Amino acid sequence: MSALLDVCDLQTHFFTRDGVAKAVDKVSFSLEKGQILGLVGESGSGKSVTGFSILGLVDPPGRVAGGQVIFDGTDLIAGGEPVMRSLRGKRIAMIFQDPMMTLNPVLRIDTQMVETVRAHENVSKAEALRRCREALVQVGISSPDERLKSYPHQFSGGMRQRVAIAIALLHKPDLIIADEPTTALDVTIQAQILSEVQKLCAQSGTALIWITHDLAVVSGLADRLAVMYAGRIIEDGPTAAIIANPRHPYTRGLIDSVPQGKRHGAMLTQIKGMTPSLLNLPQGCKFAPRCPRADAACQVEPALTPAGPDRQVRCHHPHADHEATP
Amino acid sequence: MIVYLVRRVGQSLLAVMAMAVLVFLGVFFIGNPVDVLVSPEASQAQIAATVERLGLDRPLYEQFGIFVWNALQGDLGTSFVYGRPALEIILDRLPATMELALVALALSVGIGIPLGVWAGLRPDSIAGRTIMGGSILGFSLPNFWQGMLLILVFAVLLGWLPAGGRGETTEFLGMQVSFLTWDGLSHLILPAINLALFKMSLIIRLARANTREVCMQDYVKFARAKGLSPRRVVLVHVLKNIMIPVVTIIGLELGSMVAFAIVTETVFAWPGMGKLLIDSINLLDRPVIVAYLMLTVLIIVGINLLVDVIYSLLDPRIRLSEMKG
């Protein structure tokens, strides 16, 4: 079976006055039907831009500078805007980070939902409304008729995100790209939305790219993880294997900085330093300046190399299996 | 909504009352109209008679009291010069000014918003830059000079359009209007453009700035992510959001266009209220000046009230806070 989505050497560059920022630099990954991929990284690692690049929604001065995004056999980058638009919202949907900002404040919910249905299918307004109601019920919104006539400001953050998810589900897409959809929500709502999305995706066989900086969130959700750093994927593989045995020092650092019950009272480990500016990347391995294992070899950029079953890592000195954190 | 409206009307009435005091006092101190009105050879007795006839011998507070009492009954005094009720004289001239202002407003909105949105969507394109460059000209060149240039080019050099006056008028809804006949319309075009240019530039700049701001919002990106056509994204999602500030400005500017079309009316000899005001100031025709200013205040306050109502129709969030308030 061929992959649903095949991203190959994707490059998205931002052409700023101070130079070219390579926000996404030769990123490749693929996704099977119904699979959930966690795209993990700190702010500025290029994970969101990767998501937007797939749908052709990168705003100037950024643009996709190279690579392929093959969705169900069609190259979206080569197809350009017409192909992308026919897929957006229909077969690939997106959920954004901040639910307070994703719904248009001056339009009623029914307007914003019905237009999504009618953008892709020539159906009557009544039929479109019926489907909107169905989608709202699906995401756990009670009294949908009343809700449809409301404006976004009459909803709480969690409710708005549910509406955004309902909009994403309207056309039963093959793929949903979720860009940190729970970051802006309360922890309890976060958990609800997470399990809701998981359930809905499992029911309809929808593949999911879950973009997040929160390993804890994604580890319970995703089948696979891809860890990004400075625009590159530095490690990918099955979630369980990566969480149990991170090979890249950066991934290990991320996992160690998540609080765990058994280390109660102990100081959290942190990764020293901060993400480098994309305009001024170090030579060689981009993580070397912050890496406890860096040495002279790291002056040369490592390639992604196989590291165990179905895994890859971009490091000269990867951790071995079950190696203790130094 | 009703509570809000009542409160809003109350505020407007207060503003009108404050203006009445200011206007009356201001005009009182301009000068003595009797000096202008009576002939230089008039005897002391004749002057005294005129002063008494016009009620100018009474103390200020009494004059003001009479003015307010009469104003409440819809009587803003009788013109010293024409001997007719001041309000009537002004209302005679009002349709001409209203017509000019409304046509100018339609021009500035009809052309300004599309150009502004276009420039906002493509800020770096040649068209976008040209529009912005043009709007700076419309903004900074003096109104009277623009008017004279329009006359020079279209009336004198090309001879396409008349240079002044109102042309043939027809009756429409009980008012004399120009735009229904070709002759009237040809007289209307140049002054309307002249009056519109400044507002158009203002609207272009405002629409462009707001379009750029709205386009960066997540909800526009989300609308695109839903697969909507660019047309719908711009015409519904962007336009409805930029209309809130644009409507404010339109409201404020319509008031000022009606009230202060003075320059354009003078340049194009348009028989409107603005020209009447200039004439009345020259003659110190106090009741006409006062009536004009009061009417202007009423128009501006009324339009602001209307704008607030339109606001709440455009932005549901305002509606909500009104309910609470």
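Two strands pair if DSSP finds at least two bridges between them. Helices (H or I, at least four residues) and strands (E, at least two) are themselves DSSP runs, numbered from the N terminus. The model here is predicted, so local features need pLDDT of at least 70 and side-chain atom pairs pLDDT 80 or more, while totals for chains, interfaces and linings use all residues. Residues are numbered from 1 along each chain as its sequence is written, chains are lettered from A and ligands numbered from 1 in written order, and side-chain values use heavy atoms, without hydrogens and water.

Let us start with the sheet in chain A. Its 4 strands form an open sheet in the order β2-β1-β4-β5, with antiparallel pairing. At the edges sit β2 (19–31) and β5 (74–75), each pairing on one side only. Strand β4 (residues 62–71) of chain A is joined to β5(A) by 2 bridges, and I70(A) has D75(A) in β5(A) as its bridge partner.

Now for the helices. Helix α1 (residues 47–54) of chain A packs on this sheet, in contact (heavy atoms within 4.5 Å) with β1 (5–16), β2 and β4 of chain A. The direction of α1 makes about 110° with that of β1(A); axes are lines fitted to C-alpha atoms, for helices over the stretch in contact, and angles run from 0 to 180 degrees between N-to-C directions. Helix α2 (residues 76–87) of chain A lies across β1, β4 and β5 of chain A, at about 80° to β4(A).

Finally, look at chain B, where helix α9 (residues 218–225) holds K221(B). K221(B) touches F52(A), L57(A), D59(A) and F96(A), leaving aside residues up to four places away in sequence.
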